[in-house]
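Here is a short briefing to read alongside the model. Take a look at the sequence and fold, then follow the points below.

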Amino acid sequence: MGNDRIWLNYGVDTNNKLVAIEDVASGKTDLICPYCGKALIAKKGRIKEHHFAHSGETCNLIIKREPRDIPRLPLYDAFNIFLTGKELEQLKKLWHRHKAHDHGIDRLEILPAFTRENLVEQSQNVNAGTGRKAYQFSKLGQIPVGALLLAAFNCVQEPLIEQKLAHLEASIFDNSGSVLPLEELRVRLMDLRICYTQYKFSCSRGCLKNYKLE
Ligand SMILES: [Zn+2]
């Protein structure tokens, strides 16, 4: 199989509806790849994230794309894919250091990935040691370190998903504002469809409105 880090989480059924990996049994399916139309197998083992694989060769539309191009819930973008193991370790260390004595995180302690993935944010306080503006863990940042209940994450990611949808919609047009070539357009529209389906699924699971941080 091609790039191990790109998972296909949706197949298309005979009614042209998207079907999530969670809703099928492991093994052969009647579903086809949303991008190339070839047959899919559901891989639901114990170790890797459950996903669909092509029963033959994985199509180029999946292999050639950067992981960032594949629409996913932003939450997964943030720590399943775009944080390396090393970065995650650093994030955990930072969390434990600051939980013990909260002087505010200094910017020198922050890896670029932490701000890129919105795991930390500027706080109102000043770092006691340096006198510089301090940072703190965002709600999203508290998920990978295990400090925020998983059940609360829908509240965190809804605005991010809205952003992602808007971004995908905008990406259907090129820089000059014209619509992209047909082939490209088909792929982007499928991206949008998958992302929207994920979005609705995430909303349907509800949201803990009154969740409080520890
Ligand atoms: Zn395919």
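Which side chain meets arginine 97 in a salt bridge? The partner is glutamate 109, at 2.9 Å from N to O; a salt bridge here is a side-chain nitrogen of Lys or Arg within 4 Å of a carboxyl oxygen of Asp or Glu. This is a predicted model, where local features need pLDDT of at least 70, side-chain atom pairs count only at pLDDT 80 or more, and totals for chains, interfaces and linings use all residues. Residues are numbered from 1 along each chain as its sequence is written, and side-chain values use heavy atoms, without hydrogens and water.

**Salt bridges**
- The whole structure holds two salt bridges.
- Arginine 132 and aspartate 106 form a salt bridge through their side chains, also at 2.9 Å from N to O.
- Aspartate 106 is buried at 5% relative accessibility, whereas arginine 132 is partly exposed at 28% (buried is under 20% relative accessible area, exposed over 50%, partly exposed in between, with a 1.4 Å probe and protein chains only).

**Zinc site**
- Cys33 (SG), Cys36 (SG), His54 (NE2) and Cys59 (SG) coordinate the zinc ion at 2.0 to 2.3 Å; donors are N, O and S atoms within 2.8 Å of the metal (3.2 Å for Na, K and Ca), and water is not among the atoms, so sites may look incomplete.
- The spacing of these donors along the chain is C-x2-C-x17-H-x4-C.
- Histidine 54 is buried at 9% relative accessible area, while cysteine 36 is partly exposed at 28%.
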